[in-house]
Amino acid sequence: MSARPRASLRRVLEDLGSTVLDVAASPGDLDAEVTGVHIYDPLDEPLLQEGALVLAVGVDSAERIRALLDAAGPAAGIVVKQPVEVDEPLRAKVLETGVAVLGLTRAASWAQVAALLRSLLAELRGEGDLAEPGEPPPDGLFSLANAVCALLDAPVTIEDRSSRVLAYSERQEEADPGRVATVLGRQVPERYRRMLEEGGVFRRLYQSREPIYIELDVEGINRAAVAVRSGDEILGSIWAAVREPLSEQRRRALADAAKIVALQLLRQRAVADTSRRLRADLLSTVLAGGRDAAEAAGRLGVASERLCVLAAQLTEETYDDAARLEGDRQRFCDALALHVGAIHPRAAAALVGSVAYAVLPLQAGGQEETRAVRVAESFLTRVGPRHAANIGVGRLAADLTEVARSRADADRALRVLRARSASGQVAGYTSVHFEALLLQLSDLVRAEKQAPTGPYERLLAYDAEHGSELVATLRAYLDAFGDVNAAAARVHVHPNTFRYRLKRLTEIGGLDLADSDARLGVMLQMRIFGR
C-alpha cells in the first residue's frame, strides 16, 4: 500500500506564505508532521494529538507562550497573533520542546486561519482522492495554484462560482490589499465582487473560453482571469494579479491550466459526494448504537465515550427552491462539522436525511448538556445571518451503547422547537422534556384514532351545541391555578360571571375540580387534542 501523504510544517508554511503565517521561533528544521488543528482554551485540559497545530487564542506574552509550550507536549507548532514577543528564555524553551512558534497576521481572524489550515491539510494529505491503489495522489489545488504562479510569474487564486477561494499560490504578499483580504477571508470581499459585477467582468469571463484582462478602476494591480469549465458548465475561475496584459505564451499557459483545474474540481466533487455518503452512513451506524457502532466510530475517528448528540435542521419554511435548500443543507452541515471539530478533534458531523447530526465529546465536569447547548448556541450565532435553523441537544451518553438514546433525545428536542414554530433556537432535552412527552402522547392518540372522553368530551359537545365558552373558562381557571380573579381577567369577564360559568361547567361536565387526578386528566386532553 502507498504511504499516506505527509503534511510537514515547512510545507504548510510554504503554501500559506508569509501573508498569513511566519516563523517567530524555530527549533531548527520544520519537518514535523502536522496532523490537525487544535484551538487552545485555557479553561479546558489540553488534550492534544501528536502533530497538532495549536491556535493559541489570547496568548500574547513570552511567559504565557512558554507555559503553553510546556503543556503542548507532542504538538507540531503553536500559532499566536503578531507581534510575537520572543526573548531568550522563549528561544530556549522552543529548542527544549522542539515545538515551533508561528506568528499570525493581525488582520486574520482565528476562524479564518482554522478554516485555511484545515483546507490546506486536506489538500496536502490528498484526503479522499480517487487514485488507484499504488498510484500517487493527484496534485491538489494548492499545488496547482503554485504551478500556475510559476508559469505566469504572478500570484494566483482559484475560486468557485461564488467567488469563494478554493486555493491560492504563494507570493500573495506581492499583490494588493484586495487580494490579501480575499485570501484571508477565503472569499472575494463584497465591495470588490459588486464592482466586478457592475463592470460586467463576470459576464465577460463566463462568456469567453480564453483568458481575459481586467483593468481595475480602484487602486491595485490588474487581473488576468480565465473561467474553469466542464463543457458548458462553469466550475469556477483562476485569477492572476498582473501589471500588464499576458503574452501569448502566458495566455496559453493560463488556458491550459484551467483544463487541469477543471479535472481536479470534478474529481473533488465526486470524492466529496462519496466521502459525505460514507460519513453519513458511518455516523448513522454510530447513532443507532448497535453492535457495529464501535467499528463505525473507529473509522470516523470519533470518541467512544462521554458524548452528546446534536440534531440541527434548517428552518425549511423559508425556502421555495428545492435545489437551493439541498445545497444550503450541505453547507450548513459542513459548517457544523467545522465548528465541533474546532472544539474537539474527535467530534464528527454528517447530514442524515434533512438533519445534520453532530457527535460532540465532552470532558467530565458536570453540566454536560448545558455545555453542549452553549456550543450549539455559539454555532447558530455564527451562521445565523446565512442559515435560519434550530438545534436539539440530547443528554450525555456515557458510552456508545447510550448514543442512540442521546440521538432520540436530540430529535425530540428538535421536534419541540419545530412544534413551537421556532427559528434560531437551541433546546436541551431536559429543558423541554414535558413538551416532548406531550408530543409523544399526541402521536399515540393519533395512531390509535382516540377522541376526547369524559368531562372534556361533554364540555366540547355543549359548547358546540350552544355556542358557549365553557372550555375556554376551564382552561383559564386551570392556567391561573384556580385564581378566579386572574382567570376572569384573562377571559375579560366579571369574577361573578366567571364563578357562574365555572359552576355550570362542573355540573354539565361532571368535573370535580377538587380532584387532582380529574384536573390532570382534563388538562392533558386539552393539550393533546388542542381544542
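Trainee: In which loop is the place of P83?

Mentor: P83 is in the loop between β4 (77-81) and α3 (88-97). Helices (H or I, at least four residues) and strands (E, at least two) are DSSP runs, numbered from the N terminus. This is a predicted model, in which local features need pLDDT of at least 70 and side-chain atom pairs count only at pLDDT 80 or more, while totals for chains, interfaces and linings use all residues. Residues are numbered from 1 along each chain as its sequence is written, and side-chain values use heavy atoms, with hydrogens and water left out.

Trainee: Which kind of peptide bond joins Q82 and P83, cis or trans?

Mentor: Let us start with the general idea. Most peptide bonds are trans, and most residues other than glycine have a negative phi. The bond that joins Q82 and P83 is cis, with omega about -5°.

Trainee: Which phi values do K449 and H492 have?

Mentor: Phi of K449 is near 55°, a positive value in a residue other than glycine. H492 is not a glycine either, and its phi is positive at about 65°. K449 lies in the loop between α14 (433-447) and α15, and H492 has its place in the loop between α17 and α18.

Trainee: Is K449 buried or exposed?

Mentor: The terms rest on relative accessible area: buried means under 20%, exposed over 50%, and partly exposed in between (1.4 Å probe, protein chains only). K449 is exposed, with a relative accessible area of 76%. H492 is exposed as well, with 72%.

Trainee: How should I read a salt bridge, and how many does the structure hold?

Mentor: Side chains of opposite charge can pair when their charged atoms come close. The term salt bridge is used for a side-chain nitrogen of Lys or Arg within 4 Å of a carboxyl oxygen of Asp or Glu. The structure holds 27 salt bridges. One of them joins R164 and D160, with the closest N and O atoms 3.2 Å apart. R164 counts as partly exposed at 34% relative accessibility, whereas D160 is buried at 13%.

Trainee: Where in the chain are the partners E316 and R329?

Mentor: These two side chains meet in a salt bridge of 2.7 Å, N to O. The pair links distant parts of the chain: E316 is in the loop between β11 (305-314) and α11 (322-343), and R329 is in helix α11, 13 residues apart. E316 counts as partly exposed at 27% relative accessibility, while R329 is buried, with a relative accessible area of 14%.

Trainee: How far apart are the closest N and O atoms of D479 and R490?

Mentor: In that salt bridge they are 3.9 Å apart. D479 belongs to helix α16 (residues 470-479) and R490 to helix α17 (residues 484-491), 11 residues apart, so the pair links distant parts of the chain. Both count as partly exposed, D479 at 41% relative accessibility and R490 at 47%. Salt bridges can also share partners, and in this way E210, E248, R251 and R252 are joined into one network.

Trainee: At what angle do the axes of α15 and α18 cross?

Mentor: Two packed helices are described by the angle between their axes and the distance between the axes. Axes are lines fitted to C-alpha atoms, for helices over the stretch in contact, and angles run from 0 to 180 degrees between N-to-C directions. The axes of α15 (residues 454-466) and α18 (residues 495-509) come within 8 Å and cross at roughly 115°. The two helices are therefore roughly perpendicular to each other; angles under 35 degrees count as roughly parallel, over 145 as roughly antiparallel, 65 to 115 as roughly perpendicular and the rest as oblique.

Trainee: Which residues meet there?

Mentor: P455, R458, L459 and Y462 in α15 meet R504, L505, I508 and G509 in α18, where contact means heavy atoms within 4.5 Å.

Trainee: How are α15 and α16 placed?

Mentor: Their axes come within 8 Å and cross at roughly 135°. α15 and α16 are therefore oblique to each other. Y456, L459, L460, Y462 and D463 of α15 make the contact with L470, V471, L474 and R475 of α16.
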